[in-house]
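Subject: Structure handover

Hi,

Here is the structure I promised to send over. Please open it next to this email and follow along.

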Amino acid sequence: MSEQSAQSAGGGQPSPAEYRIEDLAHHSGATVRTIRAYQDRGLLPRPERRGRSNVYGDTHLARLRQIADLLDRGYTLASIKELLEAWDTGRGLGGVLGLVAEVDGPWTDEEADRISREELDATFGGKPDEDAIREAIELGVLERVAGREDEFLVPSPQELAVAAELYAAGVPLQAISGHLRELRGQVEHIASRFLEFTTEHVFARYLEHRPPTDADAAAAATMVRRLRPLAQQTVDAELARAMRLFATRHLRHHLSPDPPPVRDDEPRPVVLPSGTIRAVQRLVGAENVAAFITAAAEREVQTRTLDALTTSTKEGAE
């Protein structure tokens, strides 16, 4: 049965659309196999049975599009099922979807741009460098444009402009890529810690229910809008402070005829993956993380020192 578009006889209103499963797949973009799998999982209502045929309606089409949108936003099928069950029981999804849209929205005012291969080559030395292109694509600095081998999407023109300035100043492309990888790891750690901090002290009260109630989700979305700029403002302020501090030290070091020796006992920051930090917290508690990591590092150093001494002694005897 194909989609119905006839007017109802009495009121002149269009009759509800009806679809066969093949038609539903065509209009929704899902495959027939996917639609049946969603039915088996309880994500999609069962169709109306008419004789030997199954008939679907606009509610099925809307549900499929809703599922596709949530999948694109990174939700699992299990979490989507919880959300849809909340919707079906009358708890509402407006606030939840508003929260999802707020979190998935742009976290910067910067707009993506495009650059031709010719412009890219001219910016970085004038010679094609396939290895550098592959590295930039892997890092997400460039993205390929479907059907256009001579053009790239630039998600962050500012980031590409920084790379161009560093290259013009004499920094090799390989060193720029390595620096970006290191910087990205550190920034991701900062972002993870900020999210953990705000979740614990701000958002925990909105997340007591799974999924959150419509009112709690709407309130959380409002809070995201308020807190969104805080992470960047804090990082900007702290980066400015740190640059002023360390730039002054570097200047003194290079201008002084006898630079002071670097003290070996000075504490230095070490960035660890957030997953490692959480694993240590579960093991020894949050208050003992620093002591545990310090002790583990010292033990590793001692072990490797003993191994090196043993090896050198054995080689000397031989």
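Below is what I found in it, topic by topic.

**Overall**

Please keep in mind that this is a predicted model. The chain has 318 residues, and 25% of them count as buried. It holds 12 helices and 5 strands. Take the contacts between residues at least 6 apart in sequence: 54% of these join residues at least 24 apart.

**The nonpolar cores**

In soluble globular proteins, nonpolar side chains tend to be buried together. Here the largest nonpolar core has 18 residues. Leu-24 and Ile-35 have the most contacts inside it. The biggest contribution comes from α3, with 4 residues.

What does Ile-35 touch, once residues up to four places away in sequence are set aside? Its partners are Ile-21, Leu-24, Ala-25, Ser-28, Ala-30, Leu-44, Tyr-56 and Leu-64.

**Arg-117**

This one is worth a look on screen. Arg-117 is in helix α6, which covers residues 117-123. Is Arg-117 buried or exposed? Its relative accessibility is 15%, so Arg-117 counts as buried; the cut-off for buried is under 20%.

The side chain of Arg-117 makes a polar contact of 2.8 Å with the side chain of Glu-130. Beyond its neighbours within four places in sequence, Arg-117 is in contact with Pro-128, Asp-129, Glu-130, Ile-133, Asp-150, Glu-151 and Phe-152.

**Salt bridges**

Side chains of opposite charge can pair when their charged atoms come close. How many salt bridges does a search of the whole structure find? The count is 14.

Start with Arg-181. Arg-181 forms a salt bridge with Glu-135, and the closest N and O atoms are 3.2 Å apart. Arg-181 sits in helix α9 (residues 173-201) and Glu-135 in helix α7 (residues 130-139), so this pair ties together parts that are 46 residues apart in sequence. Arg-181 counts as partly exposed, at 37% relative accessibility. Glu-135 is also partly exposed, at 23%.

Arg-181 has a salt bridge with Glu-138 as well, at 3.1 Å from N to O. Glu-138 lies in helix α7 and Arg-181 in helix α9, so the pair ties together parts that are 43 residues apart in sequence. Glu-138 is exposed, with a relative accessible area of 57%.

Next, a pair within one helix. Glu-196 forms a salt bridge with Arg-193, with the closest N and O atoms 2.8 Å apart. Why are the two about one helical turn apart? Because they are 3 residues apart in helix α9. An α-helix has 3.6 residues a turn, so residues three or four places apart point the same way. Glu-196 is partly exposed at 24% relative accessibility. Arg-193 is partly exposed too, at 37%.

There is also a network. Arg-114, Arg-148, Asp-150 and Glu-151 are joined by salt bridges that share partners. Asp-150 and Glu-151 are also among the residues in contact with Arg-117.

**Helix α9**

This helix has come up already, so here is the rest. α9 has 29 residues. From its first C-alpha to its last, α9 reaches 42 Å, close to the 42 Å expected at 1.5 Å a residue. Which residues of α9 are buried? They are Ile-176, Ser-177, Leu-180, Ser-192 and Thr-198.

**The aromatic pair**

The structure holds 1 aromatic pair. Phe-124 and Tyr-167 form it, in an edge-to-face arrangement. The ring centres are 5.6 Å apart, with 65° between the planes. Where do the two residues lie? Phe-124 is in the loop between α6 and α7, and Tyr-167 is in helix α8 (residues 157-168). The pair links distant parts of the chain, 43 residues apart. Phe-124 counts as buried, at 13% relative accessibility. Tyr-167 counts as partly exposed, at 28%.

Best wishes

How values were computed:
Residues numbered from 1 in each chain as written. Predicted model: local features only at pLDDT ≥ 70, side-chain atom pairs only at ≥ 80, totals over all residues. Heavy atoms only, no water. Core = buried A, V, L, I, M, F, W, Y, C linked by side-chain atoms within 4.5 Å. Buried < 20%, exposed > 50% of the residue type's maximum accessible area, 1.4 Å probe, protein only. Contact = heavy atoms within 4.5 Å. Polar contact = N/O pair within 3.5 Å; in protein donor to acceptor, adjacent residues only side chain to side chain. Salt bridge = Lys/Arg side-chain N within 4 Å of Asp/Glu carboxyl O. Expected span 1.5 Å × (residues − 1). Phe/Tyr/Trp six-rings, centres within 6.5 Å; stacked < 30°, edge-to-face > 60°.
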